[in-house]
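Subject: Structure handover

Hello,

Here is the structure I said I would pass on. My notes on it follow below.

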Amino acid sequence: MKDKSSEMSLRTLSSGPTDLPRTFVEYFAGIGLFRMGLEAAGWQVVFANDWSAEREQMYKGFFDESYKARDIFSLAAEEIPQATLATCSFPCIDLSLAGKGEGINGKHSGAFWGFYEILEKQGEKAPQIVLLENVTGWLYSNGGQDFCATAKSLNELGYACDVFMLNARSFVPQSRPRLFMVGVKSAGVVDDSPYFTSRSKRLMPTRLKMLMLESENIQWARLDIPEPPPYKNEGFTDSVAERLTQDDPRWWPEPKVEKHLAMMPSAHLEMVKLLACRNEENFRTFFRRRRAAGQRAEVRSDDIAGCLRTAVGGSGKQFLVAAGNGKIRMRTLTAREYARLQGVPDSFPIVAKTERQSLSAFGDAVCVPVVTWIATNVLQPLTERLQAGSEFVPRDEQAPPWQVIWKSA
Ligand SMILES: C[S@@+](CC[C@H](N)C(=O)[O-])C[C@H]1O[C@@H](n2cnc3c(N)ncnc32)[C@H](O)[C@@H]1O
């Protein structure tokens with residue numbers, strides 16, 4: 001006998017609107033950590049681009065596939081396959097607080113306009129969703145004008161935007177706050193403020209809230225974004241630090257260790273000495289920073305790493321101090337430790353000519369579980385809504401304030 005219930009569900013499925021394939025184009029792909037995070041959630045890459053041959057080499061090590069390293073401005077819209085999503089982690093140098101403040105039109109971050117041009121030329125064929133990622137300095141660059149200019153330019157292409165912050169610390173032992181801007185074609189306008197004020201500060205820091213509320217003539221979309229997992233305060237010692245043998249040449253010689261102990265503020269030195277008295281080895285991370293009083297070795301008191309960065313000329317590198325059983329040892333973090341801090345499983349081989357190359361690439365990358373979380377908690381419900389056809393949800397005081405508001409089809 002035929003099973004009527006399965007017949008019914010099949011009919012329901014096939015009568016729905018055409019499926020939105022979970023496909024994406026990865027711009028500014030670097031070593032492909034957007035890809036790694038999205039693939040883990042069932043998305044499939046159809047095209048990737050970055051101009052760095054060094055990063056392409058590492059990408060190939062991960063995926064056994066490469067992209068042809070090219071300037072984004074040299075890509076023709078016709079050569080890019082259609083997809084539902086485009087990711088865009090455009091260069092942060094001109095937006096970051098450490099940069100020279102050239103902003104969204106700067107030599108590096110201005111590559112965003114290469115992405116914009118492609119979407120513009122693609123017209124109707126452009127992806128329905130775009131996902132941008134950058135540092136929090138984006139909110140401050142040119143007094144906030146660069147951030148608003150990015151959202152406004154996406155509006156011009158028909159995308160309404162939602163923006164939120166996620167810190168990798170919700171997933172891995174690394175503090176790495178990053179902003180994510182999701183642009184959706186056909187989403188409607190936010191009409192008032194409750195949703196801005198209802199989001200937690202973690203998802204929406206005051207500066208972001210302020211810029212969105214004060215921006216004029218920008219179409220913001222509101223998506224249903226749940227609260228991310230709580231922040232980690234530990235995990236570096238147990239799940240990240242590699243156990244190098246005593247005679248590994250990467251451990252610094254005694255005089256170098258002494259020199260760095262002397263560079264520590266007294267409270268930091270005290271903490272390291274206390275850890276050294278324990279019967280087990282603990283690991284802590286530190287940066288060398290230039291302060292008015294000279295160079296300082298500043299150690300984190302918790303068991304997580306600070307934000308990994310691209311090491312330019314040695315600055316921005318993160319170091320490790322191992323203390324316990326009466327000993328204090330130090331070294332630079334390894335490429336595998338950087339990879340773990342970005343959520344890359346150990347099964348992915350790191351293929352690079354030099355350690356500097358890997359550290360720089362991982363320092364610039366997105367954190368894999370952050371991307372997977374976005375795919376599951378933001379993109380999945382969003383594609384389901386788009387798949388069901390855009391519908392207008394009238395404002396309802398009973399509805400949760402973060403409910404999506406859609407334009408009528
Ligand atoms: C923030 S990183 C992106 C990292 C990437 N999401 C990852 O997980 O590895 C920015 C990338 O933009 C690339 N880039 C900068 N300017 C470019 C351009 N004009 N065309 C193509 N790629 C460019 C850099 O090589 C760098 O890999």
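Helices (H or I, at least four residues) and strands (E, at least two) are DSSP runs, numbered from the N terminus. This is a predicted model, in which local features need pLDDT of at least 70 and side-chain atom pairs count only at pLDDT 80 or more, while totals for chains, interfaces and linings use all residues. Residues are numbered from 1 along each chain as its sequence is written.

In helix 4 (residues 112–122), Phe112, Phe115, Ile118 and Leu119 are buried (20 or more other C-beta atoms within 10 Å of the residue's own, with C-beta atoms placed from the backbone). They lie on the same side of helix 4, because they cover an arc of only 125° around the axis (taken from the directions from the helix axis to the C-beta atoms). Among the elements that cover them are strand 1 (23–27), strand 3 (85–88) and helix 5 (145–156).

Glutamine 342 sits in the loop between helix 11 (335–341) and helix 12 (355–364). Why does glutamine 342 count as buried? Because it has 26 C-beta neighbours inside 10 Å.

Leaving aside neighbours within four places in sequence, glutamine 342 is in contact (C-beta atoms, placed from the backbone, within 7 Å) with residues including Leu33, Phe362 and Cys367. With the same exclusion, the contacts of valine 371 include Leu33, Phe34 and Val366.

Regards

Key:
A residue is buried if 20 or more other C-beta atoms lie within 10 Å of its own, exposed if 12 or fewer, and partly exposed in between; C-beta atoms are placed from the backbone. Two residues are in contact if their C-beta atoms, placed from the backbone, lie within 7 Å.
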